[in-house]
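The sequence and structure are shown first.

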Protein chains: 4
Amino acid sequence: MIHVTVWNEFRHEKSSAKVAAIYPNGMHETIAAFLRAQPDIEARTATLDEPEHGLTQEVLDGTDVLIWWGHMAHGEVSDEIVERVYNRVMQGMGLVVLHSGHASKIFRKLMGTNTHKLRWREDGEMARLWVMDLAHPIAQGLEDHFDLPIEETYGEHFDIPKPDDLVFVSWVPGGEVFRSGCCWHRGLGRVFYFQPGHETCPSYHDKNVQLVITNAVRWAFRPRPIYQYVTDHTTALKDISLGKGE
Amino acid sequence: MIHVTVWNEFRHEKSSAKVAAIYPNGMHETIAAFLRAQPDIEARTATLDEPEHGLTQEVLDGTDVLIWWGHMAHGEVSDEIVERVYNRVMQGMGLVVLHSGHASKIFRKLMGTNTHKLRWREDGEMARLWVMDLAHPIAQGLEDHFDLPIEETYGEHFDIPKPDDLVFVSWVPGGEVFRSGCCWHRGLGRVFYFQPGHETCPSYHDKNVQLVITNAVRWAFRPRPIYQYVTDHTTALKDISLGKGE
Amino acid sequence: MIHVTVWNEFRHEKSSAKVAAIYPNGMHETIAAFLRAQPDIEARTATLDEPEHGLTQEVLDGTDVLIWWGHMAHGEVSDEIVERVYNRVMQGMGLVVLHSGHASKIFRKLMGTNTHKLRWREDGEMARLWVMDLAHPIAQGLEDHFDLPIEETYGEHFDIPKPDDLVFVSWVPGGEVFRSGCCWHRGLGRVFYFQPGHETCPSYHDKNVQLVITNAVRWAFRPRPIYQYVTDHTTALKDISLGKGE
Amino acid sequence: MIHVTVWNEFRHEKSSAKVAAIYPNGMHETIAAFLRAQPDIEARTATLDEPEHGLTQEVLDGTDVLIWWGHMAHGEVSDEIVERVYNRVMQGMGLVVLHSGHASKIFRKLMGTNTHKLRWREDGEMARLWVMDLAHPIAQGLEDHFDLPIEETYGEHFDIPKPDDLVFVSWVPGGEVFRSGCCWHRGLGRVFYFQPGHETCPSYHDKNVQLVITNAVRWAFRPRPIYQYVTDHTTALKDISLGKGE
């Protein structure tokens, strides 16, 4: 069983009727709902305005994969909680960063670049996501591309480190491309960034988007126990018989 | 269920009493046996001297992951069968190449370099395999390194393309290192090379080696159906509404 | 001084008035001409219909970087010459493969996949090339994208191995994206694939295309001598003092 | 001309007679000296105890490649200067991090992992550095390996992101391996980590180490001007003629 926590800033849904109409209980509940339909996934939720943003040490210790959506309130996420999430990724927790989460403190810290930098515009364009790596587990079950009828437009250059795996590149009518699905290993954990999910677009109701996020959860999941490497100063390895094996 | 075919040249075991003592039924049967102990794996075997080397189109069509061990008779593998295996990898079959399979026709064809080139010597040394990528599925369940009491020594420079994932680097007492566990995607398939398994060494009886190969089978496996991309000339994509989504 | 040989199939220019109007002396001469304008580059040319396709062992031995354009006559390139080029790449010669050279024998052999497979159409569209890796030497001097007013459309999925470096991704109005600039190391040599250059389009007269190819030549170039690794069987490294250094 | 600044903590040399005997004017002067012997490199130095650690905005603005050696006083480097260096890397300055600089604030920030974590011991062992990527510019002029008679031992697991290029892996008699030469792009800059250089070892007097650092400076160098990508919110690209090019 994979224990997922879906974290959402949960502000747009409370302040915008348009967003609330698409995600009446918040994006986190929409995402948690389709994950719960999977026999191997348990999903709970957490939001910014809960105590400790809903991410107590106990919650994180019980989380195999954390999904992160934030946008207008990145600055309100406490540095202490960011450090806590970071430490869990180092220990092997998976992290799936969605859409405007590219500018979150945790993603920036994990990437080491100015990941908030990219082109963007909100023109109600369609987006077409092309699979770059047809052999990748996150693309399993997809065809070579799929379309979203409306999304916010993100465009290169996106200031990320070279992805360990580049799964999707998006095309939009207006002339941009975007590396919209990217994987990295960080410490003992696995990180996936996925672009769709502007709050005014119904992308998390889309079957292909749901498949990608579900695949990403399974890709990011690590069965426990996870080996924890020796920290800092370590003892010498003096136990080698340097002679021949026979 | 993952359908594995373990292919073995199966010559050393018939000509050398030393090898036969370690692998009485051939290396392929030892490998197939530990795979069969897994609830999600079915394993059959095939060998060089069977008709079509045991790799008929029907066998390959029913194979999710092919394991390959060859050494003294690479030249006897027919080009037609190599092409058949190659085509199946392109279609999504996994391939796990073991030890001296680095010089096999199929591995050289998939890599595009002179993969037979490496340093080697047979001095009965131990080998220590270090995990480079602790977050990789093939390293799941291992500590940060494990030792084999005796193996053939392979050393750099190993003429391979940059691995998509570098899982293991080996250390040996005599002064070499070796990229002993490497992953690549090729076409729709996944390829893993793993160094241990000289015919006079009992490495396929080793618990850690067995865990690595079992992990590699699961990593290389793709559930069917697998999307088959459009070949050669394709029709234009004329169905895009270039206007706004709203 | 970098010694470049520009190889061209040189058939379209002789059979099509439209192509000849764009490249009166052949694409190879256009490419060689802008390279010759650089103080550190010497360029000669070679074509399919010359003896040994103009690629004698002597010519290749004196070539630091080979540029390859082919399209309608890939099958006429002799396997012997392909092997000769391959061996020189393994020894450290750079190779820049242009446009429809993606389906050439040499590129397929070096990549290990069905690189002739991609989407394509000839609709006279513009192409926009986005720089994915702004820190890459091949992108030096470019802005974050540049446009070609007309090119043949290539689209994903392009059946290549994961590029070591992904320098460009193209956008076209009709809905495709394409990994249009990709780097790989193969053996001791460096390989760059660059998409622009359909025979009916004036792309090799474009300043940005010329800059990319010039940058690619410098990137692919290796000063001599180049270390040649020990082949096949090697002697053991017995000269290690395993004691302490002090 | 490449403008290099060699930054050194410069504490060990002042407090240890042993270190001072090896590097009478500090490691930075030894490094700067061999760089100055190159016709295309100008080198100055900066140290921790200078005002602003010698890294004023003016100095950094005039630096193409910064070399960083630190060890006992990482915590004394001010966060403001770290941010200044970070911003220059984002803008295209190269950074070469040496030895115990793996635990520096700037390297940790750029990597996004706990790069201070690795195995280590100070046993006066030799180290053998194997070239993993013989086609890499940083390995130009080397054979496939070289030895250092005495170095501090660093061992895996080293908690770094997957290197964009893995140039060296070290072997030591005691049983460890280590990714001792690694490249990454970060923003518009290039970063190289190189392991040798413990303060009590004369590694910066070694010809091969000097060649590697010199090669790394040239690899990390970017001629100016360097394109600076559009930050944050950008205007839409409305200038595309979506019709046919003809």
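## A buried glycine in chain A

A:Gly112 is buried, with 25 other C-beta atoms within 10 Å. A residue counts as buried if 20 or more other C-beta atoms lie within 10 Å of its own, as exposed if 12 or fewer do, and as partly exposed in between, the C-beta atoms being placed from the backbone. The glycine belongs to the loop between helix H6 (105-111) and strand E5 (119-131) of chain A. Helices (H or I, at least four residues) and strands (E, at least two) are DSSP runs numbered from the N terminus.

Beyond the neighbours within four places in sequence, A:Gly112 is in contact with A:Pro161 and with D:Lys109, D:Leu110, D:Met111, D:Gly112 and D:Arg186. Contact requires that the C-beta atoms of two residues, placed from the backbone, lie within 7 Å. A:Ile160 is 48 residues away from A:Gly112 in sequence, yet the C-alpha atoms of A:Gly112 and A:Ile160 are 8.1 Å apart.

## Basis of the model

The model is predicted: local features need pLDDT of at least 70, side-chain atom pairs count only at pLDDT 80 or more, and totals for chains, interfaces and linings use all residues. Residues are numbered from 1 along each chain as its sequence is written, while chains are lettered from A and ligands numbered from 1 in the order in which they are written.

## Overall form of chain A

Chain A has seven helices and nine strands. Its radius of gyration is 19 Å, close to the 18 Å that the globule rule gives for 246 residues, so chain A is as compact as a globular protein of that length. The radius is taken over C-alpha atoms, and the rule is 2.2 Å times the number of residues to the power 0.38.

The C-alpha trace of chain A spans about 70 × 40 × 35 Å along its principal axes. Of the 246 residues in chain A, 58% are buried. Among contacts in chain A between residues at least 6 apart in sequence, 69% join residues at least 24 apart.

## Relation and contact of chains C and D

Chain D is superposed on chain C by a rotation of 180 degrees with 0.0 Å of shift along the axis (RMSD 0.0 Å). The two copies are thus related as by a two-fold rotation axis. The superposition is by least squares on the C-alpha atoms of residues with pLDDT of at least 70 in both copies. Among the residues of chain D, D:Asp164 comes closest to the rotation axis, at 4.0 Å (C-alpha). The same surface serves both copies, since 100% of the contact residues of chain D recur in chain C.

The contact takes 27 residues from chain D and 28 residues from chain C. On the side of chain D that touches chain C, the elements giving two or more residues are strand E5 (119-131), strand E6 (145-155) and strand E9 (189-194) of chain D. The largest share, four residues, comes from E5(D).

## Backbone geometry

Most residues other than glycine have a negative phi, and most peptide bonds are trans. B:His53, although not a glycine, has a positive phi of about 55 degrees. B:His53 is located in the loop between strand E2 (41-47) and helix H4 (57-61) of chain B and counts as buried, with 22 C-beta neighbours inside 10 Å.

The peptide bond from B:Glu156 to B:His157 is cis, with omega near 10 degrees. B:His157 lies in the loop between strand E6 (145-155) and strand E7 (165-171) of chain B.
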